Amino acid sequence: STTLYEGTAATQAITNGINLSSDGGMVWTKNRDGTDEPTIMDTVTGTGFYGNTNSNNQYGGTSNAYITAFNTNGYTLGVANQLNRSGNSFVSWTWKKAANFFDVVSYTGNGTNNRAISHSLGEEPGMIIVKRISSNGNWGVYHRGIGNSLGLRLDSTGVAGAMSINNETINSSSFGVSTGGYALDNNNGDDYIAYLFGHNSSTVHCGTYTNSSSGVE
């Protein structure tokens, strides 16, 4: 669901028809009028926890100013400016956990390379975003369009960098994580959250495009 709403600086319910209470999922929000950072929250880390996608800061925790409840038809906002600044217009993208569409997975790193992390997407992901939530850490991104040997970062404008190893395993039941470089991280003892996007023609598609002198192809 893509939802537009106006900030009030007071608690308000955002109704989008998504049953986050039972099904679970992720909410990604951006202030359309101001410079507040884009913010991700999900039902696995829970209410109050949030991450800013243009910085490598640790996930903020247990703040009742962000999302205060995941409901049967959306979610309830607190008073945080990043999500609910008075007089500003916001856009919110809500991704429901569902087979062949989207999944949220948490894990604790063990410091090994090419470790398989299980997921319930039911198909090979088209894109995976991984963030360390127990301390500062970059937003690592795998995308099918650039393959397993390169990685991107949400919190960087840099070009794709080489993974620390080139044999990251991505399949319909698991994805590989490693240590260092642009890899989907697996540092020993650190906690992580992963967002997995499906790739099929009927529900969601992770594509690429090439810019040329005559426009986008």
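Trainee: How many helices and strands are in the chain?

Mentor: Start by counting the elements. In this predicted model, the chain has one helix and 18 strands.

Trainee: How are strands arranged in a sheet, and which order do they take here?

Mentor: Strands count as paired if at least two bridges are found between them. Here, five strands form an open sheet in the order 1-8-3-4-5, and the pairing is antiparallel. Strand 1 (2–6) and strand 5 (51–52) are at the edges with a single partner strand each, so one side of each has no neighbour in the sheet.

Trainee: Which residues pair inside that sheet, for instance between strand 3 and strand 8?

Mentor: Strand 3 (residues 25–31) runs antiparallel to strand 8 (residues 89–96), and seven bridges link the two. To find a spot on your screen, look for Asn 31, which sits opposite Phe 90 in strand 8.

Trainee: What does the radius of gyration say about the chain?

Mentor: Compare the value with the one for a compact globule. For 217 residues that would be near 17 Å, and the chain has 17 Å, so the two agree. The C-alpha atoms fill a box of roughly 50 × 50 × 30 Å along the principal axes.

Trainee: What share of the residues is buried?

Mentor: Buried means under 20% relative accessible area. By that cut-off, 47% of the 217 residues are buried.

Technical notes
Residues numbered from 1 in each chain as written. Predicted model: local features only at pLDDT ≥ 70, side-chain atom pairs only at ≥ 80, totals over all residues. Heavy atoms only, no water. Helix = DSSP H or I, 4+ residues; strand = E, 2+ residues; numbered from the N terminus. Rg over C-alpha atoms; globule rule 2.2 N^0.38 Å. Buried < 20%, exposed > 50% of the residue type's maximum accessible area, 1.4 Å probe, protein only.
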